[in-house]
Amino acid sequence: MNDVTMILIYAVIAIAVIGTVAILLVKGRKTPPGTYPTTRDANDPVRGGGTDTLEAPPAPAEPRVAVPEEELPETDVEVADDAAGIETVPVETPAPVEGRLARLRARLIKSNNALGKGLLALLSRDKIDEDVWDEIEETLLMADLGTEPTMELVDALRDRVKVAGSQDPEHVKAMLREELIKLVDPEMDRSLAVERHADRPSIVMVVGVNGVGKTTTVGKLARVLVAEDKDVLLGAADTFRAAAAEQLATWGQRVGVPTVKSDVDGADPASVAFEAVKAGIDQEVDVVMIDTAGRLQNKVGLMDELGKVKRVIEKQAMVDEVLLVLDATTGQNGLNQAKVFSEVVNITGIVLTKLDGTAKGGIVVAIQRSLGVPVKLIGLGEGADDLAPFEAEAFVDALLN
C-alpha cells in the first residue's frame, strides 16, 4: 500500500471522529447557557441570576374574558379557612359593638370638626345679625351639608332664635342640636339585613370605587357580625386587584371566617360570587358577604359587570343588602359616586369611612337626602374594630361637644 493511500485512510478516519464528536456535543446541549440541569457544585459559578435548577418558563397569563351569565362554568375556587400561602394568624375576639361605638364617639368628639365648633362659635356671639346668619350658611355649605338642607337649617334656627328671644349659648346649642338631629333623620331604618332566612343565608354585597377601603370594610364588618355571634362566609369577587383575595382571606382568618376565592388571576367575578353563595347555602351559614372590584364609576363596562354579579348571585338567592362604601373626606365627589352606583344596583345602605377630623360631617345629610338611603355604618380609624353602627343622635352629640 503506497503512502498516498495511507494518507487518504487517515483523513477519512479523522473526519469521521470529528463528525461524531460534533453530533454528540449538539445533542448533549439541553439547557440554555447559564442554567444547570442539576444542583450546582460548590465551585460552579453563579450565572443568569443564580438559577439552581432548570425550570420551565412561566406560561403566559391568559387574558381575562367576561363569561356570559347563562354559561357560568365550573370555577377554580377554594374555601380558605387558613388561606393557602398566607401566614397563619391567631383567631382574635372582636370588640363588642357597644364598646366600639362609645370609643368612636369619643374619638369624633376629640377631632377638630369644623361643623359643630364653627356653628357654636357663631351662635354664641353677643349679637346674631344678618352677617352672622350669612356666616352660618357658609359654614354649613363648606361642611358639605348641601344647599337645600342648609337653607332649611338656617331658616329653622333663625325663626326659633327670634321666637325664643334668647341668645343664651346653652339654649341656642339645644336648638341647634334638635335641628341637626332632624336633618340627620333618626327615623331612617339603619338596621343591617343580616338575619338568616329559613332556607338560606343573608346575602350582602359591598361595592365602591378604588381606594375607599372596601375590602378592609368587609373584613371589619365580618368582625362586627362575629361579635354578634353570627356564622359568616366571605366571597373574594374582587379579581381585578392583585392580592385582594389574600387580603380578604387574612381578615377572615383573624376571626375564624372562611373565604371563597379563585386561584386564577383575573377569574370571572360573577362566577366567584356564585360559588361563594353556593358554599354559603351548602354550609348553612348566617351571612355571605361578597367583596366586589373597586370599579370606577365612569367606566360603563365595569359598572355593567357589577350589575351582572348581582344578577348571577340572584340565580340562587336574593341579595338582601347592598352596601356602598364611601370615603367621607371626598365630600361632594362621594355624592356623585353614590348616585351612579344607585343606578346600577339597588343601594340599601352607606358605609362612611374616614369620618374623622378631616371629614366634613355634613356629607351624611347630603347623601341621605340625595339617595333616600341611610348611612348604616361609620369608620373613624385604621384599627380592626374601628367600624360601628351609625346613630343619628350620638353623631350630632359628638359634633357639638
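Predicted model: local features only at pLDDT ≥ 70, side-chain atom pairs only at ≥ 80, totals over all residues.
View 1. Lys310 touches Met205, Val319, Val322, Val345 and Asn346, when residues up to four places away in sequence are not counted. With a relative accessible area of 15%, Lys310 is buried, because buried means under 20% relative accessible area.

**View 2. Packing of helix α7 against helix α8.** Two packed helices are described by the angle between their axes and the distance between the axes. For α7 (residues 214-227) and α8 (residues 244-254), the axes come within 9 Å and cross at roughly 15°. The two helices are therefore roughly parallel to each other, since angles under 35 degrees count as such. The crossing in which α7 passes α8 is right-handed. On the α7 side, the residues in contact are Thr215, Thr216, Val218, Gly219, Lys220 and Arg223. Their counterparts in α8 are Ala244, Gln247, Leu248, Trp251 and Arg254.

**View 3. Arg254 and the ring of Trp251.** Both Trp251 and Arg254 are among the α8 residues that meet α7. The charged end of Arg254 sits over the ring of Trp251, at 4.9 Å from the ring centre.

**View 4. The aromatic pair Phe390 and Phe395.** A pair of aromatic rings is described by the distance of the centres and the angle of the planes. The count of aromatic pairs in the model comes to 1. This pair is formed by Phe390 and Phe395, with 5.1 Å centre to centre and 50° between the planes. Phe390 is buried, with a relative accessible area of 3%. Phe395 also counts as buried, at 5% relative accessibility.

**View 5. Positive phi at Asp185.** Although Asp185 is not a glycine, its phi is positive, at about 70°. Asp185 lies in the loop between α6 (169-184) and β2 (202-207). The relative accessible area of Asp185 is 28%, and the residue is partly exposed.

**View 6. Positive phi at Glu284.** Glu284 is a residue other than glycine with a positive phi, near 55°. The loop that holds Glu284 runs between α9 (269-283) and β5 (287-292). Glu284 counts as exposed at 57% relative accessibility, because the cut-off for exposed residues is over 50%.

Notes
Residues numbered from 1 in each chain as written. Heavy atoms only, no water. Phe/Tyr/Trp six-rings, centres within 6.5 Å; stacked < 30°, edge-to-face > 60°. Buried < 20%, exposed > 50% of the residue type's maximum accessible area, 1.4 Å probe, protein only. Lys NZ or Arg CZ within 6 Å of the ring centre and 35° of its normal. Helix = DSSP H or I, 4+ residues; strand = E, 2+ residues; numbered from the N terminus. Axes fitted to C-alpha atoms, helices over the stretch in contact; angles between N-to-C directions. Parallel < 35°, antiparallel > 145°, perpendicular 65-115°, else oblique. Left-handed = near helix turned anticlockwise from the far one by under 90°. Contact = heavy atoms within 4.5 Å.
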